[in-house]
Amino acid sequence: LRPRARWLTLIVSVSLAAFSLFNYWTQPVYAKSPPWREAAQTILREARPGDVLVYNYPDPALLYQVIGRIEAVLLPAQSHNEGRGAIPNDAPTTEADLSRLSAEAARIWFMPQPAAFWDKDGVVSQWLTRFADLDLETRVGSLLIQRYLTPRAYRTLWTPLDAKFDDGIALVAYRFEKEMAAAPPTIRLTLYWQATRRPSQDYTVFTHLLDEA
């Protein structure tokens with residue numbers, strides 16, 4: 001009976017371990033870490049050739065999920081200073097890297113991960129907010145996914161205006177989209193502003209709908 005009991009114990013232990021591993025790899029609710037795999041799948045389903053994924057935290061977990069399927073770039077990139085461990089590039093270098101990347105790609109996917117020792121001032125988020133057009137924002141568990149259109153993309157979609165206002169402010173163009181399949185139907189209006197000089201004060205922008213048309 002003792003050998004049989006040992007075999008039974010072994011079988012039960014292996015079965016429980018296999019069940020636990022199966023749940024860990026296939027059921028997100030059992031995972032202890034952020035849902036990197038599910039977030040990567042969300043991006044890859046919508047990604048197009050030429051898209052770039054930017055991540056601002058030097059953790060390879062996301063990279064493992066997308067490597068070979070979409071270009072992934074760490075920004076701020078790691079500085080080349082030797083003997084001091086991994087440290088990020090400074091803000092001007094990161095902004096220059098983003099500018100080059102924006103000129104090459106039509107769409108930039110971004111998964112912001114705040115970290116006190118890396119992109120602590122949110123340089124990447126600030127640059128994308130200022131120079132790109134937020135096209136999509138969604139969450140997968142604890143992870144935020146954003147998609148930005150770069151100038152080479154959104155300039156093909158906008159309607160030029162070139163309306164000049166006082167204090168060095170110009171409304172360059174707008175983009176107007178109706179999402180009739182949404183519930184309820186949604187109108188999305190994007191305004192593209194430019195300052196020819198530093199405005200003397202802060203301004204508020206608001207829009208009006210005239211009628212049902």
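**A walk through a predicted model**

Let's start with Asp167, which sits in the loop between β6 and β7. Phi of Asp167 is near 65°, a positive value in a residue that is not glycine. Is Asp167 buried or exposed? At 14% relative accessibility, Asp167 counts as buried. Buried means under 20% relative accessible area, exposed means over 50%, and partly exposed lies in between, with a 1.4 Å probe and protein chains only.

A word on the ground rules. This is a predicted model, where local features need pLDDT of at least 70, side-chain atom pairs count only at pLDDT 80 or more, and totals for chains, interfaces and linings use all residues. Residues are numbered from 1 along each chain as its sequence is written, and side-chain values use heavy atoms, with hydrogens and water left out.

Back to positive phi. Asp162 has one too, about 55°, and Asp162 is not a glycine either. Asp162 belongs to strand β6. At 51% relative accessibility, Asp162 counts as exposed.

Now the whole chain. The protein chain has 6 helices and 8 strands. Along the sequence they follow the pattern α-α-β-α-β-α-β-α-β-β-α-β-β-β. Of the 213 residues in the protein chain, 33% are buried. Contact means heavy atoms within 4.5 Å. Take the contacts with a separation of 6 or more: residues 24 or more positions apart account for 51% of them.

Next, a sheet. Strands of a sheet pair through backbone hydrogen bonds, either parallel or antiparallel. Which order do the strands take here? The order is β6-β7-β8, in an open sheet of 3 strands with antiparallel pairing. Two strands pair if DSSP finds at least two bridges between them. The edge strands are β6, residues 159-165, and β8, residues 186-195; each pairs on one side only. Neighbouring strands are turned by 25° against each other on average, direction ignored. That angle uses axes fitted as lines to C-alpha atoms, for helices over the stretch in contact, and angles run from 0 to 180 degrees between N-to-C directions.

Look at one pairing. β6 and β7, residues 169-179, are joined in the antiparallel sense over 5 bridges. Thr159 stands opposite Tyr174 in β7. Over in strand β8 we find Thr190. Thr190 is buried, at a relative accessible area of 13%. Setting aside neighbours within four places in sequence, Thr190 is in contact with Asp133, Ala173, Tyr174 and Arg175.

On to helix α4, residues 91-104. α4 has 14 residues and reaches 20 Å from its first C-alpha to its last, close to the 20 Å expected at 1.5 Å a residue. The expected span is 1.5 Å times one less than the number of residues. Which residues of α4 are buried? They are Thr94, Asp97, Leu98, Leu101 and Ser102. These residues cover an arc of only 135° around the axis, so they lie on the same side of α4. The arc is that of the directions from the helix axis to the C-beta atoms. The face turned away from the buried side carries the exposed residues Pro92 and Ala103. Cover for the buried residues of α4 includes β1 (52-55), β2 (71-74), β3 (107-111), α5 (123-131) and α6 (151-154).

Helix α5 next. Its buried residues are Val123, Val124, Trp127 and Leu128. Seen down the axis of α5, they fall within an arc of 125°, so they line one face of the helix. On the other side of α5, Gln126, Thr129 and Arg130 are exposed. β1, α4, β3 and β5 are among the elements that cover the buried residues of α5.

Now the nonpolar cores. A nonpolar core is a set of buried Ala, Val, Leu, Ile, Met, Phe, Trp, Tyr and Cys residues joined through side-chain atoms within 4.5 Å. The largest has 19 residues, and those touching the most other members are Ile43, Leu53, Leu62, Val66, Ile70, Met111 and Ile145. α2 (36-46), β1, α3 (60-66), β3 and β5 (143-149) each supply at least two residues of this core. Which element gives the most? That is α2, with 5 residues. Apart from this core lies another, of 14 residues, among them Val52, Leu98, Ala105 and Ile108.

One last stop: the bond between Leu75 and Pro76. It is a cis peptide bond, with omega about -5°. Pro76 is in the loop between β2 and α4.

Conventions. Helix = DSSP H or I, 4+ residues; strand = E, 2+ residues; numbered from the N terminus.
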